Amino acid sequence: MLAMNYRGPYRVRADEKPMPQILHPEDAIVRVTRSCICGSDLHLYHGMVPDTRVGMTFGHEFCGIVEQVGPEVRNLKPGDHVLVPFNIACGKCHFCQQGLYGNCHESNAQATAVGGIFGYSHTAGGYDGGQAQYVRVPYADVGPMVIPDWMDPDDAVLLTDVVPTGYQAAEMGGIQPGDTVVVFGAGPVGLMAARSAWLFGAGRVIVIDHLDYRLEFARVFAPAEVYNFREIDDVVVFLKKQTDSLGADVCIDAVGGDAAGNALQYVFGTKLKLEAGSAIALHWAINSVKKGGIVSIVGVYGPTGNMIPIGNVVNKGITVRANQASVKRLLPRLVEHIRAGHLNPKAMITHRVPLTDIADAYHIFSAKLDGCIKPVLLPNGQ
Amino acid sequence: MTKQLVDTSKIPGWGTDADPKNNPTYPIRHIEDQKDRGLTWTRPSQQIPQVEVLRSIEHNRLPAVIGTSTPPSGLSGAIRRYAFRRSESDWWHWLLLMGADRINVVEGVVEDLTRGKLPNIPGEMGARSEWQHNKKGFVLKAGATLAVGIALVAAFRRGGSRQEATPVPAVASPTDPDSVPHIPY
């Protein structure tokens, strides 16, 4: 089968690889119909996540047709078209029982800090991902959901990560009616966080980024007030002035370790890898939120450490909430939102690319070329 | 259940201010549904590893399901095995893994070459899309790469020709009797 093959930072290609096999009685093999490149895949692509091995296949946002199931799979059968959450979750452990499906204790041998994630380095379990024609899906009865007949597969594939991650960012913000919410990052997750903030009753939503084409998209899609931090002297002072000098009620970091905007963070975090990515978006979030406010983090950072103003977290009495999205927990509500027309995630898709052109798809997304918001791979054609 | 070393019933006022609503993790964590704590769940059946799988020392057992992509191999694999002797809290664990990742890139090129495949590195880096959508960037990057390449080749050649033209004399060791200059009386 054809699959994405990581060869090192900024280098990927499509290669023939062996077909995946059932390795556990709760496994399924899925023929991938759509697979996205996620903004967090770019952290892998940029060589920022430890234990990212040459030869691995990335991809944690995908949907497809069930081809084969293991002997203990009860809820799925060959032929089902399923969306597959990016979390690999057993559904039984201490954490899954609490709805923490992103923190499963039975799916990641290499680390305890995060549950297994498809195609996301060995730090997230060492599973080959869905940027391939076929993929092994463990715990097939727990995560995957049969796509309803009425749902567009383009919406379905975005329900595997970007929509629930953006929604959970807003949910963790504890947004109260009328709150001012600032979202750092106008990538797909930031867009969904901004859109979701309205669902929780926000009174004002502000999006900060440095790419005009993305800000323009956010202005229409979210819809939100948008500001380019390159045109502002000091983002924190600007946001304070926008909020009666008190700060925003809720700040959301939807960028993570690839943030632009500060030379020191960029060199230390992104280039020298001396910290777990550039944390300037988080720095701004902490300093822009009001005292007693909430900072919600869904941006992805590496497992080491970052330079952030933790003293201000204490002094301002900020509540910090963060997690990998718990996709399974959120799916029923998000399906309702799509059916009701409250969310239209497929509008974010700007590029459809065959798997053979994966190197170009990664480069276009990483370098922000051609107005790219969200690229979708079609591993088995249309 | 985690071992309880203190009998809480003997602590005056224990739990009097407990408030289930004072739970900032809701709805992320349904703590009120939690009856048992610790390693008490009925485990899924265990996947038998058919390749080498490194395990965090913070796990007391192998998780029921494991990923089998790209098992450790070569020098990078040896470094990864060493890194996994340290906990996730140890900075060296991650720095060693990052180092192994970089060595693994070189191993990947060698692997390609030994299989008779010359890796198309510009293609793998998306040079075609750079040319399509950012011609100025393409020309700048190509020019910079070419300049660095020419400089490296020139430096290599200069070093080589210098060695041929002026061979460096062997440094005499003071303990070597043959190297001590003979002083006539």
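Predicted model: local features only at pLDDT ≥ 70, side-chain atom pairs only at ≥ 80, totals over all residues.
1. Overall form of chain A. Chain A contains 11 helices and 17 strands. Its C-alpha trace extends over about 60 × 40 × 40 Å along the principal axes. A compact globule of 382 residues would have a radius of gyration near 21 Å, and the 20 Å found for chain A agrees with that. Of the 382 residues in chain A, 61% are buried. Among contacts in chain A with a separation of 6 or more, 71% are between residues 24 or more positions apart.

2. Overall form of chain B. Chain B has 5 helices and 0 strands, and its pattern along the sequence reads α-α-α-α-α. Buried residues account for 16% of its 185 residues. For contacts in chain B between residues at least 6 apart in sequence, the share that joins residues at least 24 apart is 32%.

3. The parallel sheet of chain A. Six strands of chain A form an open sheet in the order E12-E11-E10-E13-E14-E15, with parallel pairing. Strand E12 (225-228) and strand E15 (319-322) stand at the edges; each has a single partner strand, so one side of each lacks a neighbour in the sheet. On average, and with direction ignored, neighbouring strands of this sheet are turned by 20° against each other. Within the sheet, strand E13 (residues 248-253) of chain A and strand E14 (residues 289-297) of chain A run parallel and are joined by 5 bridges. One bridge pairs Cys251(A) with Val295(A) in E14(A).

4. Ala322(A) lies in strand E15 of chain A. Is this residue buried, exposed or partly exposed? Ala322(A) counts as partly exposed because it has 16 C-beta neighbours inside 10 Å, whereas 20 or more would be required for a buried residue. Leaving aside residues up to four places away in sequence, Ala322(A) touches Ser296(A) and Ile297(A). The C-alpha atoms of Ala322(A) and Val295(A) are separated by 8.3 Å, with the two residues 27 apart along the chain. Val295(A) is also the bridge partner of Cys251(A).

5. The enclosed helix H3 of chain A. Helix H3 (residues 162-172) of chain A has 11 of its 11 residues buried, so it is largely enclosed by the rest of the structure. H3(A) is followed by Gly174(A), which has a positive phi, near 55°.

6. The hairpin of E1 and E2 in chain A. E1(A) and E2(A) run antiparallel and are joined by 6 bridges. Met4(A) has Ala14(A) in E2(A) as its bridge partner. The hairpin has 2 residues between the strands, and Tyr10(A) takes a positive phi near 65° there.

7. The contact between the chains. On the chain A side 58 residues are in contact with 50 residues of chain B. Strand E1 (2-8), strand E2 (11-16) and helix H11 (358-366) of chain A each contribute at least two residues to the side of chain A that touches chain B. H11(A) provides the largest share of that side, with 5 residues. By class, the side of chain A that touches chain B comprises 24 nonpolar, 22 polar and 12 charged residues.

8. A helix pair in chain B. How do helix H1 (residues 74-83) and helix H2 (residues 91-114) of chain B cross? Their axes come within 8 Å and cross at roughly 170°, which means that H1(B) is roughly antiparallel to H2(B). The contact of H1(B) with H2(B) has 8 nonpolar, 5 polar and 2 charged residues.

Definitions and conventions
Residues numbered from 1 in each chain as written. Chains lettered and ligands numbered in written order. Contact = placed C-beta atoms within 7 Å. Helix = DSSP H or I, 4+ residues; strand = E, 2+ residues; numbered from the N terminus. Nonpolar A, V, L, I, M, F, W, Y, C, P; charged D, E, K, R; others polar. Pairing = 2+ DSSP bridges. Axes fitted to C-alpha atoms, helices over the stretch in contact; angles between N-to-C directions. Parallel < 35°, antiparallel > 145°, perpendicular 65-115°, else oblique. Rg over C-alpha atoms; globule rule 2.2 N^0.38 Å. Buried ≥ 20, exposed ≤ 12 C-beta atoms within 10 Å, placed from the backbone.
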